[in-house]
Amino acid sequence: MARRIDVTGTGGVRLAAWEFGDPPKAEQPRSGTDAVIPAQSTGGREGRAAAAPATAPGAAPGADPERTSGVLLLHGLMGRASHWASTARWLSERHRAVALDQRGHGQSEKPPEAAFTREAYVEDAEAALEQLGLTPAVLIGHAMGALTAWQLAAKRPDLVRAVVLCDMRASALGAASQREWADWFTSWPLPFATLADVRKWFGEDDPWVERPNPSRGEFYAEVMQESPDGWRPVFAPEQMLKSRETWVYDAHWEELAQVRCPALVVRGLDGELGRAEAQEMVRVLPRGEYAEVADAGHLVHYDQPEAWRTAIEPFLDGVLAP
């Protein structure tokens, strides 16, 4: 099950963190706010999980003393914490695994006036590590979440034990890429009548899909919620574009070179990160390693969850060894 823990991000934005695995046992309830309550209903699996807010920082009371290594999972743009469910569950067998709904995503706050800058995302992750008592932690990030992971590792090496960076480019993508994304959002046939329509469009009909990809359809069904006129995303597309424009125009090689902890760069063979660039990232990282996953696109951990585990588990075993 997943247990919700509220985190306060920079600027006071409320963030939802989700701890996977057995909840900590307490001798007796301390107050009404410690009870397990249902989360908001959405189109994804996370919406049907149980949630319990926590107000105190640090490790949860009653946590397994043998499961003290912290892992923070950071989704990519448009993602949500529940996309990490399968990864977090096997991690939670031995470690404390927490996935964060980043600002503007999932069940975290989406205030229109909030900052959607690189600094805000990095400071949110920093706050989550400290308030959850996870430090020093391994950061596992996908796409935008990977960029957040390596920027935080460069900024606060004392908080980060290692990073796993999944399918995120260090090169600048440029204005053309941003325009393509704006046009792509406009092409979505919103609202979708059913979740089956969501799965079909994103898995088959989307012009960006080269061949049918059911896991891609499931990925996007996870970020939809039912509204009076049909199914719409839980995020605001304009906030996603605002978030993206803060990194697409710049290269991030210098920050990558400042990551002193062990780092694993992972790519799907059909993903957005090419092999040459991935290997250059490994070269630039002072302690970089490389892994790739066959038959996987950009959504590596969602396309091929078992192969993803095979790719990253040896690295994690090494950096999280007692």
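An open sheet of eight strands runs in the order 1-2-6-5-7-8-11-12, and its pairing is mixed. Two strands count as paired if DSSP finds at least two bridges between them. Strand 1 (2–8) and strand 12 (288–293) sit at the edges with a single partner strand each, so one side of each has no neighbour in the sheet. From one strand to the next, the twist averages 20 degrees. Strand 5 and strand 6 are paired in the parallel sense over five bridges, and Leu72 stands opposite Val98 in strand 6.

A word on what you're looking at: this is a predicted model, where local features need pLDDT of at least 70 and side-chain atom pairs count only at pLDDT 80 or more, while totals for chains, interfaces and linings use all residues. Residues are numbered from 1 along each chain as its sequence is written, and side-chain values use heavy atoms, with hydrogens and water left out.

## The chain as a whole

The protein chain has 11 helices and 12 strands. Of the 322 residues in the protein chain, 54% count as buried. Buried here means under 20% relative accessible area, exposed means over 50%, and partly exposed is what lies in between, using a 1.4 Å probe on protein chains only.

How much of the contact list comes from residues 24 or more positions apart? Such residues account for 72% of the contacts in the protein chain with a separation of 6 or more, where a contact means heavy atoms within 4.5 Å.

## Helices on the sheet

Helix 3 (residues 144–155) lies across strand 5, strand 7 (137–142) and strand 8 (160–166), and runs at about 150 degrees to strand 8. Helix 11 (residues 305–319) lies across strand 7, strand 8, strand 11 (263–268) and strand 12, running at about 165 degrees to strand 8. For these angles, axes are lines fitted to C-alpha atoms, for helices over the stretch in contact, and the values run from 0 to 180 degrees between N-to-C directions.

Helix 3 is mostly covered, with 11 of its 12 residues buried. Among them are Trp150, Gln151 and Leu152. The buried residues of helix 3 pack against strand 5, helix 2, strand 7, strand 8, helix 8 (253–257) and helix 9 (275–284). The geometry checks out too: at 1.5 Å a residue, the 12 residues of helix 3 should span 16 Å, and the end C-alpha atoms are 16 Å apart, which agrees. That expected span is 1.5 Å times one less than the number of residues.

## Salt bridges

The structure holds 19 salt bridges, each one a side-chain nitrogen of Lys or Arg within 4 Å of a carboxyl oxygen of Asp or Glu. The side chains of Arg96 and Glu19 form one of them, at 2.9 Å from N to O. This pair links distant parts of the chain: Arg96 is in strand 6 (residues 96–101) and Glu19 in strand 2 (residues 14–20), 77 residues apart. Arg96 counts as buried at 6% relative accessibility, and Glu19 counts as buried at 6% as well.

Arg103 and Asp124 also meet through their side chains, at 2.6 Å from N to O. Arg103 lies in the loop between strand 6 and helix 2 (118–132) and Asp124 in helix 2, so the pair ties together parts that are 21 residues apart in sequence. Arg103 is buried at 2%, and Asp124 is buried at 2% relative accessibility. Elsewhere, Glu126, Glu130, Lys155, Arg156 and Asp158 are linked in a network of salt bridges.

## Around helices 5 and 6

Asp206 forms a salt bridge with Arg216, with the closest N and O atoms 3.0 Å apart. Asp206 lies in the loop between helix 5 (195–205) and helix 6 (214–221) and Arg216 in helix 6, so this pair ties together parts that are 10 residues apart in sequence. Asp206 is buried at 1% relative accessibility, and Arg216 is buried at 12%.

Lys200 is found in helix 5 and is partly exposed, with a relative accessible area of 41%. Its side chain makes a polar contact of 2.9 Å with the side chain of Asp205. A polar contact is a pair of N or O atoms within 3.5 Å; within protein, one must be able to donate a hydrogen and the other to accept it, and residues adjacent in sequence count only if both atoms are side-chain atoms. Lys200 and Gly217 are 17 residues apart in sequence and 6.3 Å apart in space, C-alpha to C-alpha.

## A buried serine

Ser82 sits in the loop between strand 5 (70–74) and helix 1 (85–91). Is Ser82 buried or exposed? At 4% relative accessibility, Ser82 counts as buried. A polar contact of 2.7 Å joins the side chains of Ser82 and Glu222.

Conventions:
Helices (H or I, at least four residues) and strands (E, at least two) are DSSP runs, numbered from the N terminus.
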